[in-house]
Amino acid sequence: MAELQISTHAPGRAAQVRAGFVAMMPLWLGAAPFGVIYAVSALAAGLSPAQTVAMSLLVFAGASQFTAVGMFAAAAAPVTIVVTTLIVNARHLLLAASLSPYLRRSGLWARLGLAAQLTDESYAIGVREFLGGRGSAAYQFGANISMYFVWQCSTLAGVLLGRVLPDPAAYGLDLVFPLTFIGLLVPLLRKRDSQVVAGVAAALTLLGALWLPGSWYILLAGVVASAVGALLRRRGEA
Amino acid sequence: MMIWLTILGMAVVTLLVREIPLLTMRGELPIWLGRWLGYVPVAVFTALALRPIAVSAGDAPHLMAGAPLLAGLVGGLVAWRTGNTLATIAAGMAAYWAIRMLS
């Protein structure tokens with residue numbers, strides 16, 4: 001990552017990578033069980049151990065991997081699996097676009113490298129620091145590889161153990177992710193404009209989750225609610 | 001072989017949606033776009049936080065007001081008071097398990 005260019009007033013680059021890595025660790029609790037389950041269900045769907053691991057290594061997007069496994073199990077056509085993956089992962093367009101203003105000073109390869117490992121969770125951890133003025137490409141990189149690390153380890157664990165484990169949802173471990181996003185969101189709601197954006201996003205999320213398939217609600221809420229915030233701010237200044 | 005090609009196709013389209021914004025959005029952003037993108041985290045965090053606790057998973061999604069939503073409210077309260085993500089997770093999980101044990 002020699003291309004990483006970060007501001008020099010912050011702690012050293014290695015320390016920032018480490019900080020980002022560590023900040024992601026609470027989310028391992030939520031991610032690891034699902035990495036194991038992904039692997040177990042992929043094997044059950046007929047993928048080889050190598051294919052199961054390769055999908056985690058190359059695609060690295062949990063929701064789409066689960067979806068694809070379900071489609072492999074249903075013997076879906078390869079083209080429909082790829083198109084569905086595109087649809088499920090389309091929200092990454094928004095996440096990457098949202099990060100891009102903060103990464104303008106980073107080199108091309110650093111930006112591409114960061115984007116290649118972007119997930120909902122590491123985006124959230126990284127952008128929180130950017131919003132607070134403490135973020136850096138190095139911190140985002142640390143958060144990214146932390147998630148990558150736990151996803152690969154848990155996939156491998158699922159392949160090696162290969163036995164059906166208790167459903168993590170039975171222990172509420174799937175709640176770690178929404179609680180994390182609540183922990184990141186709520187402190188941002190002290191400002192009136194953010195409250196409005198969150199309110200609009202909440203309404204769109206519920207409507208979108210009820211009426212739209214898959215993860216479209218994230219794109220819908222992410223694009224429209226933020227546009228409302230930008231429009232309100234412009235009107236406030238006019 | 002078909003499975004390998006499918007995985008490769010999945011990898012390519014996923015890489016594309018991750019990279020396109022960073023490849024195309026070079027230089028200074030227009031002010032309106034910067035403002036717009038500035039509100040994206042709040043909007044996305046809201047969506048990712050609310051969906052799993054307020055809407056059931058599965059084929060026929062419906063609103064649900066159960067232990068996950070209550071745990072989320074407890075977490076939200078702790079987040080408001082402390083601003084600490086770890087404390088939010090801990091309080092929310094504790095609330096969830098407490099509700100599950102009591103009910």
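Predicted model: local features only at pLDDT ≥ 70, side-chain atom pairs only at ≥ 80, totals over all residues.
Visitor: How many helices does the secondary structure of chain A have?
Guide: Chain A has zero strands. Read from the N terminus, its elements run α-α-α-α-α-α-α-α-α-α-α. The number of helices is 11.

Visitor: What is the radius of gyration of chain A?
Guide: The C-alpha trace of chain A spans about 60 × 45 × 35 Å along its principal axes. For 238 residues the globule rule gives 18 Å, and chain A comes close to that, so it is as compact as a globular protein of that length. Its radius of gyration is 19 Å.

Visitor: What is the radius of gyration of chain B?
Guide: The C-alpha atoms of chain B fill a box of roughly 50 × 45 × 25 Å along the principal axes. A compact globule of 103 residues would have a value near 13 Å. Chain B instead has 20 Å.

Visitor: Among contacts in chain B between residues at least 6 apart in sequence, what percentage join residues at least 24 apart?
Guide: Chain B consists of five helices and zero strands, in the order α-α-α-α-α from the N terminus. For chain A, the share of such contacts that join residues at least 24 apart is 77%. For chain B, the share is 26%.

Visitor: How many residues of chain B are in contact with chain A?
Guide: Contact here requires C-beta atoms within 7 Å. On the chain A side, 70 residues take part. By class, that side has 51 nonpolar, 15 polar and four charged residues. The number on the chain B side is 60.

Visitor: What percentage of the 103 residues in chain B are buried?
Guide: The cut-off is again 20 or more other C-beta atoms within 10 Å. In chain B, the buried share of the 103 residues is 44%.

Visitor: Is Arg81(B) buried or exposed?
Guide: Arg81(B) lies in helix H4 of chain B, residues 67–82. Its C-alpha atom is separated by 17 Å from that of Leu70(B), 11 residues apart along the chain. Because Arg81(B) has 12, it is exposed.

Definitions and conventions
Residues numbered from 1 in each chain as written. Chains lettered and ligands numbered in written order. Helix = DSSP H or I, 4+ residues; strand = E, 2+ residues; numbered from the N terminus. Rg over C-alpha atoms; globule rule 2.2 N^0.38 Å. Contact = placed C-beta atoms within 7 Å. Nonpolar A, V, L, I, M, F, W, Y, C, P; charged D, E, K, R; others polar.
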